[in-house]
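Thanks for coming. I have one structure to go through, and I will keep to the geometry.

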Amino acid sequence: MKIQIITDKSVTETEVTVKCSEYTPRLARAVASLALSEHTVCGKCGGELFFVRLGDILYFEAVDGKAFFYTDKSTYEASSRLSGIEESLDDTCFARISKNAIVNLRKVRSIRTEPHARLCATLSSGERLIVSRQYVQEIKSKL
C-alpha cells in the first residue's frame with residue numbers, strides 16, 4: 001500500500017482519496033475507521049450536552065426506553081433511540097450484539113464462547129458484554 005500526504009496551506013477541508021483496483025473488506029474497514037474518527041455523537045451528562053467522538057465510545061445500550069452510551073470515563077444519555085443509532089452506524093465497526101446493545105468492535109479486547117451458543121466480549125475497559133445467539137453470525141462476519 002502506498003500512502004501519500006500532501007500539505008497545502010490553501011486547503012480549507014481535509015480530503016482523502018482512495019485509488020484501488022478492488023474495494024476489499026480490509027479497505028472498507030480502513031475507510032470506515034477514517035470516517036469514524038471525524039464523527040461525533042451528542043449525549044447528555046450531568047445536565048450538559050457533550051459531543052463525543054464515535055471512536056471513544058465503547059458501546060450503546062437501551063435501558064428503560066432510553067439509549068445510553070459509554071466511554072472509558074463517562075456515561076451519556078443519547079438523544080436518539082437505539083434503532084436510529086444502529087442505522088446511522090451502518091458500515092462502521094459498530095455491531096448489534098443483543099436486543100439492547102451495540103458494541104464498538106475496535107474496543108473489544110477478546111471474545112470467548114459461552115453456554116447456549118452465546119459469546120462473551122471483553123472490552124478494553126475490562127467490562128464484559130454477552131453477545132446473544134441471534135447476533136453471533138453478524139459479529140463473526142464483521143470481525
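I3 is exposed, at 67% relative accessibility, where exposed means over 50% relative accessible area, buried under 20%, and partly exposed in between, with a 1.4 Å probe and protein chains only. I3 lies in the segment before helix 1, residues 25-38. Helices and strands here are DSSP runs numbered from the N terminus: H or I over at least four residues for helices, E over at least two for strands.

Together with M1 and I5, I3 makes a nonpolar surface patch with about 470 Å² of accessible area. A patch takes residues with over 30% relative accessible area and no salt bridge, joining like charges within 9 Å and nonpolar side chains (Val, Leu, Ile, Met, Phe, Trp, Tyr) within 5 Å. A salt bridge is a side-chain nitrogen of Lys or Arg within 4 Å of a carboxyl oxygen of Asp or Glu. Areas come from the Shrake-Rupley method with a 1.4 Å probe, and for residues only the protein chains shown count as cover.

Some ground rules. This is a predicted model, in which local features need pLDDT of at least 70 and side-chain atom pairs count only at pLDDT 80 or more, while totals for chains, interfaces and linings use all residues. Residues are numbered from 1 along each chain as its sequence is written, and side-chain values use heavy atoms, with hydrogens and water left out.

Now the whole chain. It has three helices and ten strands, in the order α-β-β-β-β-β-α-β-β-β-β-β-α from the N terminus. The C-alpha trace spans about 50 × 40 × 25 Å along its principal axes. Of the 143 residues, 32% count as buried. The accessible surface comes to about 10,300 Å², and carbon and sulfur atoms hold 48% of that. Taking contacts (heavy atoms within 4.5 Å) with a separation of 6 or more, 36% are between residues 24 or more positions apart.

Next, strand pairing. Two strands pair if DSSP finds at least two bridges between them. Strand 1, residues 40-45, and strand 2, residues 48-53, are antiparallel over six bridges, with C42 opposite F51 of strand 2. These two strands form a hairpin with two residues between them, and G46 in the turn has a positive phi of about 60 degrees. Strand 1 is also joined to strand 5, residues 75-78, by two bridges in the antiparallel sense. There G43 stands opposite A78.

Strand 7 has two partners to mention. Four bridges pair it antiparallel with strand 6, residues 94-98, and the two form a hairpin with two residues between them. Three bridges join strand 7 to strand 3, again antiparallel. V103 shows both pairings: A95 is its bridge partner in one, and Y59 stands opposite V103 in the other. In a regular strand the side chains alternate between the two faces of the sheet. In strand 7, residues 101-104, A101 and V103 point one way and I102 and N104 the other, and all are buried.

Strand 9, residues 118-123, pairs with strand 10 over four bridges, with T122 opposite R128.

Two backbone angles deserve a note. Most residues other than glycine have a negative phi, and most peptide bonds are trans. D64 has a positive phi, near 50 degrees. D64 sits in the loop between strand 3 (59-63) and strand 4 (66-70) and is exposed at 79% relative accessibility. H116, also not a glycine, has a positive phi of about 65 degrees. Its place is the loop between strand 8 and strand 9, and H116 is exposed at 62%.

Last, Y70. Leaving out residues up to four places away in sequence, Y70 touches D56, I57, L58, Y59, E61 and T75. E87 is 17 residues from Y70 along the chain, and their C-alpha atoms are 18 Å apart.
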